Amino acid sequence: MARKSTATRKTPPQAEKNENVPALCRILTDHLTYTVGKDHFTATPRDWFFALAHTARNQLTQRWMETMRRYYRADTKRIYYLSMEFLIGRTLTNSLLNMGYLDECSKAMLDAGNDLEAVYDMEPDAALGNGGLGRLAACFLDSMATLALPSYGYGIRYEYGMFNQHIENGYQVEHPDNWLRYGNPWEFPRPEVLYPVKFYGRVVEYISEQGRLRHHWVDTEEIMAMAYDTPVPGYGGESVNNMRLWSAKASRDFNLKYFNEGNYIKAVEDKNQSENLSKVLYPDDTTKMGRELRLKQQYFFVSASLQDMLYRFNKFHKDLDELPGKVAFQLNDTHPSIAIPDLMRILMDIHHLDWDRAWAITTRIFSYTNHTLMPEALETWPVNLFESILPRHLQIIYEINYRFLTEVGHQNPGDIDLLKRVSIIDEENGRRIRMAHLAIVGSHQVNGVARIHTELMRQTIFKDFDRFYPGKIINITNGITPRRWLNQANPALAGLITEYIGDGWLTDLMQLGKLAPFATDKAFQDKFRAVKQANKENLARLIHLKLGIRINPDSLFDVQIKRIHEYKRQLLNLLHVVTLYNHIRANPATDRIPRTVIFSGKAAPGYALAKLIIKLINDVANIVNNDPAIGDRLKIVFIPNYDVTTATVIVPAADISEQISTAGTEASGTGNMKLTLNGALTVGTLDGANIEIHDEVGADNIFIFGLNTAEVAELKHKGYNPWDYYHGNEALRKVLDMIGSGYFSPDEPSRFEPIIDALTHSGDRFLLLADYADYVACHERIEVLYRDPVEWTRKAILNVAGMGKFSSDRAIGEYAEKIWDVKPVRGEG
């Protein structure tokens, strides 16, 4: 889903130095002819996209090379950001904006007779991520480049990204996301950057000439990791950093013996099996084969990244004790935490360092970001799987655990329960490796991603570690890049802000605070409302075009866009929708604010209940949207295939931002930041970054409801019974009975019984029924406020003005200062 907009986005001052439009036209034509192999008569919009992308890439490459040379000359410490996900979305517009080329390139394309939107829409979203984790990583790469911090992003070049979500008969159906079908103009294949990655085999022990016990990992299977580089420009284009993604290649391409025998499938079998490793983002791990592939993916990119780092280090340094002064590795969640024992293996088995020296180096290099508070979401792996695939790493993990538990035991003699709780090996649930524990023990710093998240880390899941390692767990609240999520996503609002306060906010988001005095300025309010209305009309047109649903752009746009999961409580939103539906039907003359409730998000393919929630949303929409008694007063829309590009259309149009997870379950959230930055008012629980948004925008300018974390804990401790709420609230009981009895699924009345069971018989784990009444009352307050457009607009402006803290530039600045000890390396002048 793409947007049509003619609004001017703010470009950096380098735009004044760019070639003029006629020169750009010549460069474009040259690329069309010599790179794409087409002329004006035969070129399609996709051909023009590739011509424009290569034009932009030329400029990127020049600045990229200059940046890399500058880093090498400075011999500076580098950041290596390890992440299984990079949800970068489309690159063209973002790159042109950051380099200051967008206006001139757009003019050159128009002069060549092109439909700009048709050309820009040819670029696929690079969906190399599942949600917030991958989008955060992409924002951080943008900020590291903008701040001129020497850094690499390391991940996997998945051939198929996050699946394409189709809605068929109301159900989610997954289709492959072949984002590389037409090629990727932004990447540079590096066939010379090739590293072997080993699996399986066995470990041989031997005594060295110095009388030391050594280990040799032998009889392994090898897969080659080949690098693909993508330049990442910072705003202003001065610094362009690198994202290096690894693709799996077979160590042997072809078995000629099988081919000559006529067994053509067998001839390429090894090649195909090897290269399957980087085919798919997050293979289904409900099967043994899927779990094995996922673990191999994690080790694959970690091993290649460590080898690459050491190659770069060894070009200019020989003393491995210097590594912590030149290298900082950030583990984005536990997926890359296998890097800790892998670096130990390299230092001890290949470079023959003793344990203490290797451990001192390793723990000063690594730091770990935790993204979840839910114990069941903390990654663990069966010991027997590790023993098969990574036998040497299992030995090292055992030794790390032994030494750690020995130290803990010395400080806490006789406390066996403590040893069980903090052990890296969980002995009570089928012997599993707790990867979060490994990451904490092997890192010099651990951070949460919102103030409440970090407090709960210290008080609950990692309480013992906080006591043993005082000061190791710190907070760095997440942030988003304003270049992507305001300047690019909402050019009209970006232009309005710049008109009133200048463009300094693009690199110093705290300057948005200057908007506060304009919150009561009639002229500014009128312009602000006009921008929001235009964005809503744009989204309404696209929804009609893509889904055939007509919505009222004057209605309240109530938006919940995020991964479909029980703890994110799309179901609570839907319970309120059905409540509204019942109220309108029972009171047809009622004067209610027209409301359009917009959902978007994907459910994990193996998550049956989340997929059933999507079906329920669509079934409720089918009844409500076609009920003549309802008309335009209530509409429900599920926008399929949520991705970065879709978000940049929905976010600017939102009036209400639904951030309604159960208190104590969301680590931070960044969707809340994006929506608030674009002028949506938040309805939310005191969870994740909602609390800090509340503090920044003011309690009067946000709608908070529901139990807080202490009340959630107290209710669960006392014994939560959802039936008390079912029987005690007539409106709630009616809603649940309608869903459970087949009102919205007359063709299959029992279809949604699993949902009702989850909310009642199974205990309503995420307390939807407990928060229902307060949530409904909160929306009544929202409706009252929306009737007063002047006051609503004032609050919306104050929300934008209060978002300065939530820039990824601020977050990365804190990482650089508190964890990495890395300084910017800027160009001269």
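**View A. Right-handed crossing of helix 23 and helix 32 in a predicted model.** Helix 23 and helix 32 cross in a right-handed manner (left-handed if the near helix is turned anticlockwise from the far one by less than a right angle, right-handed if clockwise). Helix 23 (residues 570-586) and helix 32 (residues 768-786) have axes that come within 10 Å and cross at roughly 55°, the axes being lines fitted to C-alpha atoms, for helices over the stretch in contact, with angles from 0 to 180 degrees between N-to-C directions. Helix 23 is therefore oblique to helix 32 (under 35 degrees is roughly parallel, over 145 roughly antiparallel, 65 to 115 roughly perpendicular, and the rest oblique). Helix 23 contributes Leu 571, Leu 572, Asn 573, Leu 575, His 576 and Thr 579 to the contact, and helix 32 contributes Leu 768, Leu 769, Tyr 772, Tyr 775, Val 776 and His 779, where contact means heavy atoms within 4.5 Å. These residues divide into 8 nonpolar, 4 polar and no charged (Ala, Val, Leu, Ile, Met, Phe, Trp, Tyr, Cys and Pro count as nonpolar, Asp, Glu, Lys and Arg as charged, and the others, Gly among them, as polar). The model is predicted, so that local features need pLDDT of at least 70 and side-chain atom pairs count only at pLDDT 80 or more, whereas totals for chains, interfaces and linings use all residues. Residues are numbered from 1 along each chain as its sequence is written, and side-chain values use heavy atoms, with hydrogens and water left out.

View B. With a relative accessible area of 30%, Tyr 725 is partly exposed (buried is under 20%, exposed over 50%, partly exposed in between, with a 1.4 Å probe and protein chains only). Apart from neighbours within four places in sequence, Tyr 725 is in contact with Leu 715, Tyr 720, Leu 732, Leu 769 and Ala 770.

**View C. Helix 10 passing helix 12 in a right-handed crossing.** The axes of helix 10 (residues 288-314) and helix 12 (residues 339-350) come within 10 Å and cross at roughly 45°, which makes helix 10 oblique to helix 12. On helix 10 the contact involves Tyr 299, Val 302, Ser 303, Leu 306 and Leu 310, and on helix 12 it involves Ala 339, Asp 342, Leu 343, Arg 345 and Ile 346. By class, the contact residues are 7 nonpolar, 1 polar and 2 charged.

How values were computed. Helices (H or I, at least four residues) and strands (E, at least two) are DSSP runs, numbered from the N terminus.
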